[in-house]
Amino acid sequence: MTRDPFTVEGGAPSSSGLRGAAHRDDLSSRMLTEVVRLHDALKAAGLPLDLPGVEPLREGRTQVIGQLEDYVIPRLAQVQAPLLVVVGGSTGSGTSTLVNTLVGERVTAPGLLRPTTRSPVLVHHPDDARWFGADRLLPDLARVDSATDDQSAIQLVPSPAVPAGLAILDAPDVDSVDERNRELAAQLLSAADLWLFVTSAARYSDQVPWDHLKVAVERNTAVALVLSRTPGEDIATVSVHLARMMAARGLKDSPLFAVPQGPVDDAGKLPAAYGEEIRGWLRALAADSAARRDIIAQSVAGAVRTVTRKAFPIADAAAVQVDAVAELLAVADRVYDEASAALLAAAADGTLLRGDLLARWQEFAGSGELVRTLEAKVGFVRERLVNAIKGKPQQAERVALAVEMALEALVADHAERAAAEASQEWAGGDHGAALLRATTDDLTRAGRALRARTEQEVRGWLEELQEFVRHESGEARHTARFLAFGARGLSVALAVVAVVGTRPSGQAAESLRLGRELLETVLGDAATTRVVDQARGTLERRLAGLMAGERARYLAPAAQWQLKPDAPDQLRQAARRVDDVRFAAAKKGTGGHL
């Protein structure tokens, strides 16, 4: 047995060995921390938009996240766990038969699992059971202890025939006609410390198995090949050709075993001698902790290197996605900024004072006779005052209603035009069109809730104006002048003055004069100026809020993709930190021992 380099003769650990082990443990801890951060950064860097060339990167992102979750993170968290040997191969290559032969009992046959390899079975020494719980390797696969065809489960089979420190996992066929089987096979191979890849004389030149082996070479995963189900007289010839193919594809240093075609007994296994060479090799690995550590380190380091290499193009693609969505949102921002500015201008330039609103205001304010009546001494004109205010409460309500309708129509008009313009610009590009399709809300029109929201805001504004009037009137609330109109009448006058603006012309100018005179007669000049400024300010805030709500409808479809502007940079930084730990390990001479 190969001696553990961290132990001196007699079994006592050397001081240099302890320092080396401590350093290795520190690097492993740092690597685990940074790999978890890299995993989180990959999850945050989504690629939801169907941009040109994104599909391979999207698949690559899914694969590396899966390998981190299934293998790298669990393995780094449990470096002392048994070496996981995944047995996979082509349909008909005899993977299940080989596993039965290596274990020496039926573990992949009816009564224990299935007639053909569909869902995986993991065979381990009974003392190693604790390493294979649901929170360990391959955490998304449920654990079962009996035969199953459930492709989302993995059957655990304890067997003393498997040496402690090593486990064998029988995977589905890599070229299965069942898509889920193929996906599961790829997932399991990605979680392997060591691939035991099985082929046959009839299938060894097929492309699909070599595609998987190419992935293993790229990841620097430890691989051994088994030529199975080959007539004894053909083994030498086929083995030479297969060895040449392996050398040409970067596998010249990988072991190659041959298992001749032979009789399969009722237990689904070949004669024991047929698998003795492989069995002996696996036993030697199980007994040699340094060799196991080297294989695990090789596979983990290769997987980590592959993940960091793929992280950078994924980050670049995520940045393109962020920019694409940002451009669309910039369009919506521009359109709604312009629409909001136009709405606020129209609400304060006097254009609202026309039609029904103008008619109702004129009925309420008349030609100034009411103001002149209020300016007279009440003791001499009591009868004229009573006659002048007769019917004013009803007229004030009509003005208030006209203000509501005018503002609601104004908001709806600007919102409809903004929605039409923004949706038209979005629809002109593939990404914008995709966003429009991604929402159930009709973004070509103003929001269905806008009318109710506008009604609520305008009524709230008019009620707010009454509070302004009450606050500024002070002792004047007890005078005949205030009582003549009340807070409601004065508030509608204030509303008209607010929407007329500061530089009206024509009938709007006359309405401004009458409204201000009415307010000044009751409240005074200074108070009138204050309440008018307050009324205009609060109206602007409420109208701006309504348009902001409409703009938010355009944020919703983009928000569902959860694209984070800083995600690309966070991913690049996470990948660099992982590489820094790898380089530190190489510099300190620990190599792949992370």
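Strand 2 (residues 121-124) and strand 5 (residues 166-170) pair in the antiparallel sense over four bridges. Here two strands pair if DSSP finds at least two bridges between them. Within this pairing, His124 stands opposite Ala167 in strand 5.

This is a predicted model, in which local features need pLDDT of at least 70, side-chain atom pairs count only at pLDDT 80 or more, and totals for chains, interfaces and linings use all residues. Residues are numbered from 1 along each chain as its sequence is written, and side-chain values use heavy atoms, with hydrogens and water left out.

**Overall picture**

The protein has 18 helices and eight strands. These are DSSP runs numbered from the N terminus: helices are H or I with at least four residues, strands are E with at least two. Of the 594 residues, 51% count as buried. Buried means under 20% relative accessible area, exposed over 50%, and partly exposed in between, using a 1.4 Å probe and protein chains only. The protein exposes about 26,800 Å², and carbon and sulfur atoms supply 52% of that area. Accessible areas come from the Shrake-Rupley method with a 1.4 Å probe; for residues, only the protein chains shown count as cover. Among contacts between residues at least 6 apart in sequence, 78% join residues at least 24 apart. Contact means heavy atoms within 4.5 Å.

**Strands 2 and 4**

Strand 2 is covered on both faces: Val121 and Val123 on one side, Leu122 and His124 on the other, are all buried. Strand 2 also pairs with strand 4, in the parallel sense, over four bridges. Val123 stands opposite Val157 in strand 4. Strand 4 spans residues 153-158 and contains Gln155. Why does Gln155 count as buried? Its relative accessibility is 1%. The C-alpha atoms of Gln155 and Val123 are separated by 8.4 Å, although the two residues lie 32 apart along the chain.

Strand 1 (residues 83-89) pairs with strand 6 in the parallel sense over five bridges. Gly89 stands opposite Val198. Strand 7 (residues 222-230) runs parallel to strand 6, joined by seven bridges. There, Phe197 stands opposite Leu225. The chain crosses from strand 6 through helix 5 (residues 207-219) to strand 7, and this β-α-β crossover is right-handed. That means that, with the strands pointing away from the viewer, the path from the first strand over the helix to the second runs clockwise.

**Aromatic contacts**

The structure holds five aromatic pairs. Rings of Phe, Tyr and Trp (its six-membered ring) pair if their centres lie within 6.5 Å; planes under 30 degrees apart count as stacked, over 60 as edge-to-face and the rest as tilted. Two of the pairs are tabulated.

| Pair | Centre to centre | Between planes | Class |
|---|---|---|---|
| Trp195 and Phe197 | 6.1 Å | 25 degrees | stacked |
| Trp361 and Phe364 | 5.8 Å | 35 degrees | tilted |

Trp195 and Phe197 are both buried. Trp361 and Phe364 are buried as well. They lie in helix 9 (residues 355-365), three residues apart, about one turn of the helix. Elsewhere, Tyr336, Trp426 and Tyr554 form one aromatic cluster.
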